[in-house]
Protein chains: 2
Amino acid sequence: MESFLETRRRDVEIAIEACGVCGSDVHTLTGGWGQAKFPVCVGHEVIGKVVAIGPETTTVYVGDRVGVGALVWACLDCKVCKSGNENYCPHQFDTYSCYYPDKSMAYGGYANHIRAHEYFVFAIPESLDSSLTAPMIGGLGHFGILFAAALGAEVYAISHSPNKEADAKALGAKGFICTNNGGWNEPWRNNFDFILNATDATDRFDMAAYFSLLTVNGTFHTVGISDKDHIGSREEVQEMLRLAAKLDIKSWVETIDISEEGCKTAVEKVYNGDVRYRVTLAGYDKVFGNRE
Amino acid sequence: MESFLETRRRDVEIAIEACGVCGSDVHTLTGGWGQAKFPVCVGHEVIGKVVAIGPETTTVYVGDRVGVGALVWACLDCKVCKSGNENYCPHQFDTYSCYYPDKSMAYGGYANHIRAHEYFVFAIPESLDSSLTAPMIGGLGHFGILFAAALGAEVYAISHSPNKEADAKALGAKGFICTNNGGWNEPWRNNFDFILNATDATDRFDMAAYFSLLTVNGTFHTVGISDKDHIGSREEVQEMLRLAAKLDIKSWVETIDISEEGCKTAVEKVYNGDVRYRVTLAGYDKVFGNRE
């Protein structure tokens, strides 16, 4: 394996134009995942323009519009990386709150620029809007309905909150199942081929009831629990972005201009669950100027 | 759905010639799965000759050598059955310790004859020996190594007992991993595409250690835990038997002639774990005569 510093010859410098505000940003800031390594600059749903590339970069060029997610480095040399699952590399570095081996700190997307190894820099299809697309790089929740419905699945949203029914249907769900009442699962036994669990905990619901909804050999797929499962592989993220462009998927996003006050407002809204369904920090040029 | 009695027009009557002795027979007799419905006649790994067929039977003929597993009836009409998963039918009847809707009792294979709906009667390939094959219909454990190795997999046996290494290798395992020491899993992290768990409990081992052995997106498949997952579907059992014939798979079986004493000896050997690796009751003709 080449030295860490050698790999930095494939780094890409990006002038940020949009950054999604994710629940994991909030977890980090509140210490929900343990004390953050301050100073911290969160943000791992980044889209911007490439302004410089390292001398060994081959896949990205100055002027490209690109994305960065929750990972900025992995060894690309171990068995896990070589199987195309670099997002599980035991040597990986997160986009923020993480020290590189040379003791420099990785900082996220609530900032003017970000730098990442080109392997962790995604091409953004031309038709996609930066503010709507940034949250897709790290987002769960309402994206599950948007993508599944756009792909032609017959989607039922399952929620403890009856208030979400109208939104779920507007997002593309055919039906809505409310888990408020005992026995809510009974009419749906043996009914679903696939359940996507996007909650951030399983201790508040009855796994057996959810499992009873599955057809034999059906799949219960949990994406929301662990910090470790924080992004797909490069291949998966690029495929997701291609699909978003092909199927013309539009996130439900509120934009807030980046600033000290804007970051505070955005993080507080996410903390309070007062978002339908994502916030993107935008207006970077207004604060940081044209950085080309 | 036709009435239960109507479905009995597809029943098949079999003169038994071999019956595997399964751990679940012992569980039933000891009350490990709750009080058995006495009188009980256990045995759900049955092979014998067809001696009579119901008037609507179309797939089995008198004189055929056939097998019966842990199920003798399902509705074949519900969504689960129609998806080819009749072994999960909510209306199914077990081979023994179970009352049919007409209040008659289902009895298993420690007996001269057994009767089952033709859908639950399997064709036995000609090259397979009855005593060696009966335990395959319900067996786990050493069959996992035999089949996986015969199919060309690189198999490692995992056991807490170092004494099993020689047998595991003789059965076809390339390697053997002993779980006696803390950290036993460390050298094998990220190493296996598939783990088959044939133990009858998970409370005695550290799931996290086992999961750490899997490659990303690897599969941990548990077959030994629940009474409910007691047999494959018809299609799966027939495929298994075809494979056993094609790959010339030979179980490790001790045979004991059926008799009051023979049944007692066989059940006690299984109860005490004193078996390498299966017991089959045989010699039915000596006790019951030629029943053709």
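Reply: The model is predicted, and local features need pLDDT of at least 70, side-chain atom pairs count only at pLDDT 80 or more, and totals for chains, interfaces and linings use all residues. Residues are numbered from 1 along each chain as its sequence is written, chains are lettered from A and ligands numbered from 1 in the order in which they are written, and side-chain values use heavy atoms, with hydrogens and water left out.

Nine residues of domain 1 of chain A are in contact with eight residues of domain 2 of chain A, where contact means heavy atoms within 4.5 Å.

The size of an interface is often given as the accessible area lost when the parts come together. Between domain 1 and domain 2 of chain A, the buried area is about 740 Å², of which carbon and sulfur atoms give 68%; buried area is the accessible area (1.4 Å probe) that two parts lose on being put together, summed over both. On the side of domain 1 of chain A, the residues that lose the most area to domain 2 are A:Met136, A:Trp252 and A:Tyr277, together 66% of what that side buries.

A:Arg276 and A:Asp167 form a salt bridge, with their closest N and O atoms 2.7 Å apart. Three residue pairs, both at pLDDT 80 or more, are in polar contact between domain 1 and domain 2 of chain A. A polar contact is a pair of N or O atoms within 3.5 Å; within protein, one must be able to donate a hydrogen and the other to accept it, and residues adjacent in sequence count only if both atoms are side-chain atoms. The side of domain 1 of chain A that touches domain 2 has four nonpolar, two polar and three charged residues.

The interface between the chains can be described in the same terms. Eight residues of chain B are in contact with eight residues of chain A, and the two chains bury about 720 Å² between them, 54% of it on carbon and sulfur atoms. In chain B, B:Lys79, B:Asn190 and B:Val216 lose the most area to chain A, together 55% of what that side buries. Zero salt bridges are counted between chain B and chain A, while four residue pairs, both at pLDDT 80 or more, are in polar contact there.

Over all chains, the structure holds 36 salt bridges. One of them joins the side chains of A:Glu118 and A:Arg10 at 2.8 Å, N to O. A:Glu118 is buried, with a relative accessible area of 0%, whereas A:Arg10 is partly exposed at 25%; buried means under 20% relative accessible area, exposed over 50%, and partly exposed in between (1.4 Å probe, protein chains only). In chain B, B:Lys250 forms a salt bridge with B:Asp248, the closest N and O atoms being 2.7 Å apart. Here B:Lys250 is partly exposed at 44% relative accessibility and B:Asp248 is exposed at 51%.

Definitions and conventions. A salt bridge is a side-chain nitrogen of Lys or Arg within 4 Å of a carboxyl oxygen of Asp or Glu. Ala, Val, Leu, Ile, Met, Phe, Trp, Tyr, Cys and Pro count as nonpolar, Asp, Glu, Lys and Arg as charged, and the others, Gly among them, as polar.
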